[in-house]
Amino acid sequence: MQRIGKHTARVGEHEDTLELTLRGDLAPDESKELFDFIARRFAGRSYMLVTGDMSGLGRIPAESRRVIFKEATRVPPIRGVAYYRATFAARVINELVIRAYALATGADIAVHFATEEAETRAWLATRREQIAARPGAG
């Protein structure tokens with residue numbers, strides 16, 4: 001597990017999954033540190049999935065979003081995002097960031113928001129199966 005300010009990032013139960021807990025605003029330097037972690041831990045993977053608790057997410061300022069888009073080319077394509085306990089504001093912020101990332105990278109990203117972690121894990125298992133079923137996609 002990597003602590004990044006008030007946030008945490010770790011490789012999940014499955015090696016293709018990044019688990020995040022975001023608390024408060026995501027500063028530009030934290031965004032960079034997060035992508036450094038991802039680049040190290042997911043190097044060589046053909047894709048990755050992202051999940052996490054978004055109940056404490058604050059803002060993702062414009063400068064942080066610029067860092068995210070710049071750094072996104074250093075990591076495997078994100079093929080699915082499943083967050084739980086996201087407030088309405090966190091859902092809107094994440095949807096905007098995810099859609100902009102998909103547009104910028106051409107990534108095929110499926111998105112799911114749930115109330116509880118168990119639901120996101122089930123969704124991620126289904127997404128993993130979908131990716132594996134596509135010839136050359138995983």
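Predicted model: local features only at pLDDT ≥ 70, side-chain atom pairs only at ≥ 80, totals over all residues.

Q: How is the packing of two helices described?

A: Two packed helices are described by the angle between their axes and by the distance between those axes. Here the axes of α2 (residues 62-71) and α3 come within 10 Å and cross at roughly 35°.

Q: Which residues of α2 and α3 meet?

A: From α2, the residues are R65, I68 and F69, and they meet V97, A100 and Y101 of α3. Sorted by class, this contact of α2 with α3 has five nonpolar residues, no polar ones and one charged residue.

Q: How do the strands of a sheet pair?

A: Strands of a sheet pair through backbone hydrogen bonds, in either a parallel or an antiparallel manner. This model has an open sheet of six strands in the order β1-β2-β3-β4-β5-β6, and the pairing is mixed.

Q: Why is one side of β1 and of β6 left without a neighbour in the sheet?

A: Strands β1 (2-4) and β6 (110-114) stand at the edges and have a single partner strand each, so one side of each is left without a neighbour in the sheet. On average, neighbouring strands of this sheet are turned by 20° against each other, direction ignored.

Q: How many bridges join β5 to β6?

A: Strand β5 (residues 78-84) is joined to β6 by five bridges, and the two run parallel.

Q: Which strands does helix α3 touch?

A: Helix α3 (residues 88-105) packs on the sheet and touches β4 (48-57), β5 and β6, with its direction at about 170° to that of β6. Helix α4 (residues 117-133) lies across β3 (17-24), β4, β5 and β6, and runs at about 165° to β5.

Q: What tends to happen to nonpolar side chains?

A: In soluble globular proteins, nonpolar side chains tend to be buried together. The largest nonpolar core here has 33 residues, of which L18, L20, I38, V50, M54, Y83 and I109 touch the most other members. At least two residues of this core come from each of β2 (7-11), β3, α1 (28-41), β4, β5 and α3. Apart from it lies another core of seven residues, including Y47, L49, W123 and I131.

Q: Where is A89 placed?

A: A89 is in helix α3. With a relative accessible area of 46%, A89 is partly exposed.

Definitions and conventions:
Residues numbered from 1 in each chain as written. Heavy atoms only, no water. Pairing = 2+ DSSP bridges. Helix = DSSP H or I, 4+ residues; strand = E, 2+ residues; numbered from the N terminus. Axes fitted to C-alpha atoms, helices over the stretch in contact; angles between N-to-C directions. Contact = heavy atoms within 4.5 Å. Nonpolar A, V, L, I, M, F, W, Y, C, P; charged D, E, K, R; others polar. Core = buried A, V, L, I, M, F, W, Y, C linked by side-chain atoms within 4.5 Å. Buried < 20%, exposed > 50% of the residue type's maximum accessible area, 1.4 Å probe, protein only.
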